[in-house]
Amino acid sequence: MDHVSYLDYKGKHKGLAGWLLSTDHKRIAILYLVSLIVFFLVAVTFGVLMRLEMLTPGRTIVDPQTYNTLFTLHGVIMIFLFIIPGIPVVFGNFFLPIMLGAKDVAFPRLNLLSWYFYIFGAFLVILSLFVGGGPIDTGWTFYVPYSLRTQSNVTLAVFAAFVIGFSSILTGLNFIVTIHRMRCPGMTWFKMPLFVWGLYSTSWIQLLATPILGITLLLIMMERIFGVGIFDPALGGDPLLYQHLFWIYSHPAVYIMVLPAMGLVSEIIPTFSKKDIFGYGPIAMSSLAIAFIGYLVWGHHMFSTGISDTSRAIFSFLTFIVAIPSGVKIFNWVATMYKASIETRAPFMFVVAFIVIFSIGGLTGLVLGALNTDIHLTDTYFVVAHFHYVMFGGMGLLFFGGLHYWFPKMFAKMYNERAAKWGLLLFVIGFNTLYFPMFIMGYLGMPRRYYDYLPEYKIYHIISTVGSWILVTGILILIINLIRALLKKERYTEADPWGGTTLEWKVATPPSLENFDEIPVVEHGPYYRENLIKPEKSH
Amino acid sequence: MNNEAAIGHAHRDDLGSKMGMWLFLFTELLLFGGMFILYASYRYMYPDNFKVAAMHLDTLIGSVNTILLLTSSLTVALSIAALQRKQTRFSVYLLMFTIVAGGAFLVNKYFEWSTKIHHGIYPKGPEMANLSDGEVIFYGLYYVMTGLHALHVIVGLVFIGFMIVFILRGKQTFDNYQKLENAGLYWHLVDIIWIFLFPLFYLIH
């Protein structure tokens, strides 16, 4: 057995081709990581430009049409190219097989193909900016009938989203089969790490919801190319049906975004609490419950569209129900930390920030899920603030949290922890300065996606824009800190820097090409510690 | 679940492969599921228009196509059984029959579509302005759903074509036929979607 690490391995292809053509799940994860961070930074730039435009009423830096394309591209890139693939394609690809004690995913070549679909989709998004009618201006939801009428290049952009959807489906399919078929001896379902449960629930949603988006986007293309009339009110079609189909996918999609992040939290907390997780079963099952109920709540995006009162009441009720499993998770995490000897290392601090920010996002979600308050708040900045708190503060923050947690294992380099904590602090301060004023101005009536605003909202917009600068400083500190760590000469080879208990901390740093010399045999649960009763007090 | 099988054959896990295929078929069903939801909603919205429009579809061609697809599905299933019994040549003949039947289905579809198009009934066609909203939607759904289905027929035929090559080159054999089985599953999916399309468009008046 060779012990060549996956970073040094030289196969049939050399240099860059050795990465671009490798079917090793770890190398594919790195390909995704690099692409994701690039698109993330692009979309952040659009976001910063939008905030800059909103600094003053009227024109600040761009014209209204450019502003429309900015918020559309910010949404499309963030959602389809960063948040939805996000944690599964990077950390799922890298760690799912290792956590299960397997050598790779079930279909390694399909895995690489998924990345190429992703990159091809991204290429089409970029292409759509320069050909045809220019960059899309519909908002990321592509609502009809505007998306059928606008001159901008909607056809190519939705095709891009369709292709990226393919990538998402194939990744989900791959992970489900991997989890069913590749668990090492002794790894029963309830000995799987909770991150794997998060991925498992996510993969089912990816598999079962994305095709609906696929057909919906195809229909938009059909409408634009052939004029079929299915969504076009001028030809007898019903635009509301478009919204139904769109949200049948796009609401479960928010759980695609956040469930893996929650799984990651369930990994990080026991590691730094030096304890077994509290409530393993409920946390695992709540992931499945969220995935299931999350399917049935899409109508809460349509409360103000004139759908029947009965259906509004049912959707509202189900929306409240879906908050319960999320609450179950939060309580179990806090209970795990209770009376633990916690090490407040950088990854743990990300989780603490996540719990606070995500709770704000979750609770304001209930305000929007209630029928009467939603009528007042729908399509205002309150909604914008809410979904940035749950998406960016949920998945975005934890993406960086996971990166800091697993970075030493993935790259065999250790970053400067002080810098990481400072970056996080600025991130959190900037985040709240940026998005909290949006709750207030939304409540006061500031509509989302508007280019201009009344003078009474000015103070909130100024605070918010200043917040965006602080947030970006924090993000840059985090990323530069990691890049500096990558440039270090000496390798960090500690197998288990944090005292983690799951299988990825038992393999070498960096992992060898086949992960394990011998397939491990699992006897205990994922967070089992021998010194469970008397916590180690070495720190 | 038996994990040893998975480890013993690191590069071959038939059950895993079949499972992946079934999951993929779920996604295909959901892709069409979105269309079926639209069909149901619009039928509810325009019941009378849908009846009128459905009268203008040729039930005979539809029935012939149904028989063709069902038979071709049978021959795929028989081909797997033949391969398992080491009747390689017979298995290939059965697959060839499937391709011929699938091809005949597409030819029929071509004539059916071109008759309609000839009469000016297609999206943005000259005849559409004279039709009611519900009929326009009916034909819109008809073209999209049968078109998407025809696309799947073509993909399925390509898969089966590959399987013939694999069998002739000895890559699919009596004890290693998972790819053929997956291609067969895909073909059955194509078949079953048609089983629903046929009554929805041709039979319900």
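**Exercise 1. Decide how α9(A) and α10(A) are oriented relative to each other, and which residues meet where they pack.**

Step 1. In this predicted model, where local features need pLDDT of at least 70, side-chain atom pairs count only at pLDDT 80 or more, and totals for chains, interfaces and linings use all residues, the helix α10 covers residues 280-293 of chain A. Residues are numbered from 1 along each chain as its sequence is written, while chains are lettered from A and ligands numbered from 1 in the order in which they are written.

Step 2. The angle between α9(A) and α10(A) is about 175°, and their axes lie 11 Å apart; axes are lines fitted to C-alpha atoms, for helices over the stretch in contact, and angles run from 0 to 180 degrees between N-to-C directions.

Step 3. Angles over 145 degrees count as roughly antiparallel, and α9(A) and α10(A) are therefore roughly antiparallel to each other.

Step 4. From α9(A), the residues A:Y255, A:L259, A:M262, A:G263 and A:S266 meet A:I283, A:S287, A:I290 and A:A291 of α10(A), where two residues are in contact if their C-beta atoms, placed from the backbone, lie within 7 Å. Sorted by class, this contact has six nonpolar, three polar and no charged residues; Ala, Val, Leu, Ile, Met, Phe, Trp, Tyr, Cys and Pro count as nonpolar, Asp, Glu, Lys and Arg as charged, and the others, Gly among them, as polar.

**Exercise 2. Describe the side of chain A that touches chain B, by element and by residue class.**

Step 1. The contact involves 33 residues of chain A and 30 residues of chain B.

Step 2. On the chain A side, the elements giving two or more residues are α7 (154-181), α8 (194-226) and α9 (239-273), and α8(A) gives the most, with ten residues.

Step 3. The residues on this side of chain A comprise 23 nonpolar, seven polar and three charged.

**Exercise 3. Identify the residues with the most contacts inside the largest nonpolar core, and the element that gives the most to it.**

Step 1. A nonpolar core is a set of buried Ala, Val, Leu, Ile, Met, Phe, Trp, Tyr and Cys residues joined through C-beta atoms within 7 Å, and a residue is buried if 20 or more other C-beta atoms, placed from the backbone, lie within 10 Å of its own.

Step 2. The largest such core has 224 residues, and those with the most contacts inside it are A:V196, A:V265, A:L398 and B:L141; α9(A) gives the most to this core, with 21 residues.

Step 3. Apart from neighbours within four places in sequence, A:V196 is in contact with A:L96, A:M99, A:L100 and A:I179.

Definitions and conventions
Helix = DSSP H or I, 4+ residues; strand = E, 2+ residues; numbered from the N terminus. Parallel < 35°, antiparallel > 145°, perpendicular 65-115°, else oblique. Buried ≥ 20, exposed ≤ 12 C-beta atoms within 10 Å, placed from the backbone.
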